Every structure is written in C-alpha cells, then in structure tokens.
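The following note sets out points for a colleague who has the sequence and the coordinates at hand. Please read it alongside the display below.

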Amino acid sequence: MNTTAAANFSSDYATVSSRIVPSTAEGIALCTAFILSFVFIVVGNLLTIVLFAVNKRLRKKSLFLVINMAFVDLMLGTLSLPIYIYSVERRFQLWKGGWSMSLKIFYTIVDVFFSQASLISAAFISGERFYAIYWPFKHRTLSMRAYRIIVVILWALTLLIATSWSTSYYLISYKRAVFVWTPYVLILIFSICGCNICIWRKFRHGSIASQQPNRDLLNKRLTKTLMLVAILASLSWLPLVTFNCLIYVFDVQIPRKFYDLVNIINYSNSFANPVLYALRIPEFREAWALCFLRKPAAPNIEDTLSRNKEALAIVLKPVGELRTSRTETNHLQLAFEQEVLDTKL
C-alpha cells in the first residue's frame with residue numbers, strides 16, 4: 001500500500017539524498033525482502049478469496065468487507081509491487097533495462113488507486129465494527145444489499161481520491177499533491193484509531209445486550225480481529241506519512257534505503273491480514289484445515305471453554321429450577337403429613 005512510491009522514479013524525489021553509492025549487498029537484501037513480501041501477499045490473499053468462494057460458511061455479511069480488502073491487497077501485490085521491485089533493482093544496478101514513461105504512468109495509477117482502496121477499506125471495516133458494537137440490533141437487520149452499497153461507495157470514493165491525486169501530481173507538482181494527501185491520510189488514520197478506541201472502551205466498561213450468548217462471543221472475537229487489522233494498517237501508514245512530511249514539507253535529506261524500508265513495512269501489512277484471519281477467525285481456520293489437512297481444525301481452547309460454560313449454564317438453569325421446585329414440593333408434602341399426624345394425635 002504505497003501511494004508515494006512513484007516519487008522514486010521522478011525528478012520530484014530529488015530531495016532524497018542519493019550521494020552515497022548504492023551497495024550491491026543492500027540492493028540484494030532489499031529486493032529479497034520485497035520479493036518475499038510479493039509471494040506472501042499473492043499467496044495469502046489469493047487463498048483467502050478462494051476459500052471464501054468455495055466455502056459457504058465464510059459467505060457472511062460480516063466478512064464481506066474483509067474479502068473486499070483481501071481483493072484490494074491481492075491487486076496491489078500483483079500489479080504494483082513487481083514494478084517497484086524492478087525500480088529497486090535498476091537503482092542498485094542489479095538489472096539493466098529501460099524505464100518508459102508509460103510504465104511509470106501505469107505504476108502511479110495502479111499504486112495510488114489500490115493503496116487508497118486498502119486504507120479506505122480499513123476505515124470502513126472500523127466503522128462497520130463500531131456500528132455493530134454500539135447498535136447491535138440495528139446492525140443485524142442490515143442485508144447483503146446494504147453491504148453491496150457500502151462496497152460501491154468505497155470504490156467510488158477510492159476512484160475520486162485517486163483521480164484527484166494523480167491529476168494534481170501530473171498537472172501541478174508532487175510536492176503540492178503531498179500537501180493535500182497528508183491531511184487526508186491522517187484523517188483516515190485518526191478515524192480508524194477513534195473507532196477502535198471507542199470499541200475497546202465498550203468492551204471494557206460496557207455490556208452488549210443480546211439474547212444469543214454464543215453469537216455475541218463470535219461477534220466480539222471477530223471485532224477484536226478486525227481491530228488488529230485496522231490498527232496494523234494505521235501503523236503501516238504512519239512511517240510513510242512521516243517520511244513524506246519530512247522530505248517534502250521540511251526538506252529533510254533522507255537516504256533512499258530508509259525510504260525503501262518504510263515501503264517494506266507499508267507493503268507487509270497486505271500479507272499480515274490473511275495470517276490474522278487464519279489465526280483468529282474460526283471459520284477461516286476450519287476452512288484452511290479442510291483445504292490442506294482434509295480434516296476439521298482443532299478447536300480453539302478459549303472458544304471451547306467459553307461455549308461449554310455458556311451451554312452448561314443454559315442447561316443447568318432449568319435443572320436447578322426443577323430441583324428447587326421438587327425440593328419445595330417435598331417440604332410441602334412433609335409439612336402436610338406432619339399436620340395430619342398432629343390432628344390424629
């Protein structure tokens with residue numbers, strides 16, 4: 001998710017220090033890290049989408065935005081990251097080849113579009129979880145059509161922002177575009193953080209009313225997982241925003257290798273999401289196990305214990321009431337028999 005990587009290929013990036021001769025070892029290390037990120041992004045998100053397509057248990061409205069984000073990250077890793085790796089190889093003279101203007105324009109459009117879609121998806125996921133926790137009964141009445149409308153709004157907003165940014169970049173200057181882009185990204189990051197802080201406060205100090213304990217337990221676990229996804233997205237964007245502010249606003253000289261490391265952090269968020277889904281969401285964990293092991297996944301101990309406790313409480317409640325009624329009946333019968341004996345005496 002690297003909106004500003006196109007600056008590495010233009011003269012606008014002249015403020016970044018390039019006086020030090022690039023080392024071949026550094027170039028190999030950076031390219032290896034980017035190639036590994038590319039493999040993990042493509043494999044992880046592609047498998048997530050395939051599991052969603054073939055497994056009916058995953059086709060829930062609560063996971064609709066998750067799959068949309070997996071598609072965005074897949075496109076970002078497939079279309080944008082290889083071109084960035086090629087540019088790093090050229091800069092460290094590991095690969096000899098030309099750099100055409102058409103390839104630069106293609107990279108800029110694709111990278112800006114899908115990186116913004118990924119960040120906006122994280123913001124929409126945080127907003128959806130905020131609505132689900134604070135208004136659970138209204139949230140359950142949402143239909144799949146409502147989620148489809150949300151996804152359409154997400155892509156329309158992404159298209160508007162990406163078009164505005166690309167236009168200002170090519171027609172005005174990259175520096176002016178950064179002045180507009182930075183506050184917008186910070187607003188999205190603060191919105192994500194605000195929604196997650198409110199959700200966390202609700203978990204700690206509030207209670208979620210419901211008549212379905214098991215369903216609420218799964219909803220709470222899903223919310224915590226998506227909170228981690230949104231927080232990781234915010235953390236992966238903050239270093240990139242900071243570096244761009246230092247370079248273009250304060251004219252700070254920063255070596256390109258550090259900028260590349262920031263981009264590795266930014267891209268790595270795209271393959272961290274499938275790992276979180278597999279570890280934290282039971283439906284994904286079971287689907288992965290059925291796909292690779294051909295057997296159901298081992299149940300999570302915490303989930304099993306909590307479900308057993310709730311089920312035991314539900315079962316024992318009528319049993320306890322029945323025992324109480326039986327005890328009261330026995331006492332009444334004994335009292336009646338004692339009164340009869342006293343009368344006879």
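Over the ring of which residue does the charged end of Lys224 sit? The ring is that of Phe203, and the charged end of Lys224 lies 5.9 Å from its centre. The points below give the context.

1. Basis of the note. The model is a predicted one, in which local features need pLDDT of at least 70, side-chain atom pairs count only at pLDDT 80 or more, and totals for chains, interfaces and linings use all residues. Residues are numbered from 1 along each chain as its sequence is written, and side-chain values use heavy atoms, with hydrogens and water left out.

2. Overall build. The protein has ten helices and zero strands; helices (H or I, at least four residues) and strands (E, at least two) are DSSP runs, numbered from the N terminus. Along the sequence, the pattern reads α-α-α-α-α-α-α-α-α-α. Of the 345 residues in the protein, 42% are buried. Here, buried means under 20% relative accessible area, exposed over 50%, and partly exposed in between, with a 1.4 Å probe and protein chains only. Among the contacts in the protein with a separation of 6 or more, 83% are between residues 24 or more positions apart; contact means heavy atoms within 4.5 Å.

3. Charges over rings. Besides the case of Lys224 and Phe203, Lys202 lies over the face of Tyr134, at 5.4 Å from the ring centre. The criterion is that NZ of Lys or CZ of Arg is within 6 Å of the ring centre and within 35 degrees of the ring normal.

4. Aromatic pairs. The structure holds 13 aromatic pairs. Rings of Phe, Tyr and Trp (its six-membered ring) pair if their centres lie within 6.5 Å; planes under 30 degrees apart count as stacked, over 60 as edge-to-face and the rest as tilted. The rings of Phe40 and Phe271 have centres 5.5 Å apart and planes at 55 degrees, so this pair is tilted. Because Phe40 lies in helix H1 (residues 24–54) and Phe271 in helix H8 (residues 256–280), the pair ties together parts that are 231 residues apart in sequence. Phe40 is partly exposed, with a relative accessible area of 46%, and Phe271 is partly exposed at 22%.

5. A buried tryptophan pair. Trp181 and Trp237 have ring centres 6.1 Å apart and planes at 50 degrees, so this pair is tilted. The pair links distant parts of the chain, 56 residues apart: Trp181 is in helix H6 (residues 174–205) and Trp237 in helix H7 (residues 213–249). Trp181 is buried at a relative accessible area of 2%, and Trp237 is buried at 0%. Elsewhere, Phe71, Phe113, Phe114 and Trp155 form one aromatic cluster.

6. Packing of H5 and H6. Two packed helices are described by the angle between their axes and the distance between the axes. Helix H5 (residues 144–171) and H6 pack at an angle of about 155 degrees, with their axes 7 Å apart. The axes are lines fitted to C-alpha atoms, for helices over the stretch in contact, and angles run from 0 to 180 degrees between N-to-C directions. H5 and H6 are therefore roughly antiparallel to each other, the term for angles over 145 degrees. Ile161, Trp165, Ser168 and Tyr169 in H5 meet Tyr174, Ala177, Trp181 and Tyr184 in H6. The residues of this contact divide into seven nonpolar, one polar and no charged. Ala, Val, Leu, Ile, Met, Phe, Trp, Tyr, Cys and Pro count as nonpolar, Asp, Glu, Lys and Arg as charged, and the others, Gly among them, as polar.

7. Glu128. Is Glu128 buried or exposed? Glu128 is buried, with a relative accessible area of 9%, and its place is in helix H3 (residues 101–134). Not counting residues up to four places away in sequence, Glu128 touches Leu65, His139 and Tyr147.

8. The end of H7 and the loop to H8. Asp251 is in the loop between H7 and H8 and has a positive phi of about 55 degrees although it is not a glycine. Asp251 is partly exposed at 46% relative accessibility. Leu246, in helix H7, touches Asp251, Val252 and Ile254, not counting residues up to four places away in sequence. Val249 is also found in helix H7, and its C-alpha atom is separated by 7.9 Å from that of Lys175, 74 residues apart along the chain.

Conventions. Parallel < 35°, antiparallel > 145°, perpendicular 65-115°, else oblique.
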